[in-house]
Amino acid sequence: GEYPSARSQEPTADAEAVLLSDRTHRPFQPPSLSRMVRAALDGVGQTEVRLLDLRYDFVLRRLQETDWQEASRVSGIEITALRLHFGKYPEAPQMPVSAGPEPETVPDELRLWRLLQKEGTSTAGAALRLVWQAGLQQDEIVSLQWEQVALAEPALHLPDGRTVPLTAELAQFLRELRAQGRGTGTVLLSPRRRRPLRADRLSK
């Protein structure tokens, strides 16, 4: 089978990949990596453990060791979704009052994540990520320029002077978006005409 190798052991054209196949020396595709992890877990009797369970365990440990903001940053999960899924655990810290009231509806993190994977780098997918993972407003999304995106930090520098930190996952997504030839001008463009979007069009 295929097993992951350290990137430093075998050079590859894909400089962003961390896990590489020992056989092909190429980045893993998600189904292949999932099968490999499933086999490893089954081999030690952990037949009921899923990758999602490990992700949840990681987030809970981050909450125990840091706070909600840091756990949100490293996991890419919006704080509202963190509260929904982890607020019931006694190990989770008390949410500060400044975080605001509980909204009437809370997104299902797993379903939303699957939707984001399905949308990929589409305009809708990019908009959803900027709302969910960076907390941008609709007008901020349609006016966002690539010159405001500082991937080295990584952060967004908005016209009102705010600096919005980017999760590692969102920063990587924006790198992929920029690599598709969208490295200048407006970040989000209409799917067909490739022009800046109006706010009402983005909402639809």
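Helix α3 (68–75) and strand β5 (163–165) each supply at least two residues of the lining of the second largest pocket. Here helices (H or I, at least four residues) and strands (E, at least two) are DSSP runs, numbered from the N terminus. This is a predicted model: local features need pLDDT of at least 70, side-chain atom pairs count only at pLDDT 80 or more, and totals for chains, interfaces and linings use all residues. Residues are numbered from 1 along each chain as its sequence is written, and side-chain values use heavy atoms, with hydrogens and water left out.

**The second largest pocket**

- The volume of the second largest pocket is about 350 Å³.
- Of the 16 residues that line the second largest pocket, Q69, S72, I79, Q133 and P165 are the closest to its centre.
- A pocket is an open set of points on a 1 Å grid over the protein atoms alone, where a 1.4 Å probe fits, with protein on both sides within 12 Å along at least five of seven lines. Lining residues have an atom within 4 Å of a point.
- Grid points are joined across faces, edges and corners, and a volume is the space filled by probe spheres set on the points.
- Rolling a probe the size of a water molecule over the atoms shows where empty space is left.
- Helix α3 gives the most to this lining, with four residues.
- By class, the lining has seven nonpolar, six polar and three charged residues. Ala, Val, Leu, Ile, Met, Phe, Trp, Tyr, Cys and Pro count as nonpolar, Asp, Glu, Lys and Arg as charged, and the others, Gly among them, as polar.

**The chain as a whole**

- The chain holds nine helices and five strands.
- From the N terminus on, its elements run β-β-α-α-α-α-α-α-α-β-β-β-α-α.
- Of the 204 residues, 33% count as buried. Buried means under 20% relative accessible area, exposed over 50%, and partly exposed in between (1.4 Å probe, protein chains only).
- The chain exposes about 12900 Å², and carbon and sulfur atoms supply 51% of it. Accessible areas come from the Shrake-Rupley method with a 1.4 Å probe; for residues, only the protein chains shown count as cover.
- Among contacts between residues at least 6 apart in sequence, 42% join residues at least 24 apart. Contact means heavy atoms within 4.5 Å.

**Helix α6**

- Helix α6 (residues 123–132) is largely enclosed by the rest of the structure, because seven of its ten residues are buried.
- The buried residues in α6 are T123, G125, A126, A127, R129, L130 and W132.

- V164 sits in strand β5. V164 is buried, with a relative accessible area of 8%.
- Leaving aside neighbours within four places in sequence, V164 is in contact with A134, L136, A155, L156 and L158.
- V164 and G135 are 29 residues apart in sequence, and their C-alpha atoms are 8.5 Å apart in space.
- A150 belongs to strand β3. A150 counts as buried at 17% relative accessibility.
- A155 and H157 are in contact with A150, leaving aside neighbours of A150 within four places in sequence.
- A150 and P165 are 15 residues apart in sequence and 9.5 Å apart in space, C-alpha to C-alpha.

**Loop residues**

- T167 lies in the loop between β5 and α8. T167 is buried, with a relative accessible area of 5%.
- Beyond neighbours within four places in sequence, T167 is in contact with S72, R73, G76 and Q133.
- T186 is in the loop between α8 (168–179) and α9 (199–203). T186 counts as buried at 13% relative accessibility.
- The side chains of T186 and Q145 make a polar contact (3.1 Å). A polar contact is a pair of N or O atoms within 3.5 Å; within protein, one must be able to donate a hydrogen and the other to accept it, and residues adjacent in sequence count only if both atoms are side-chain atoms.
- Not counting residues up to four places away in sequence, T186 touches V142, L144, Q145, W146 and P196.

**Backbone features**

- E153 and P154 are joined by a cis peptide bond, with omega about -10°. P154 is found in the loop between β3 (149–150) and β4 (155–157).
- H25 is a residue other than glycine with a positive phi, near 60°. H25 is in the loop between β2 (20–21) and α1 (30–43).
- H25 is partly exposed, at a relative accessible area of 29%.
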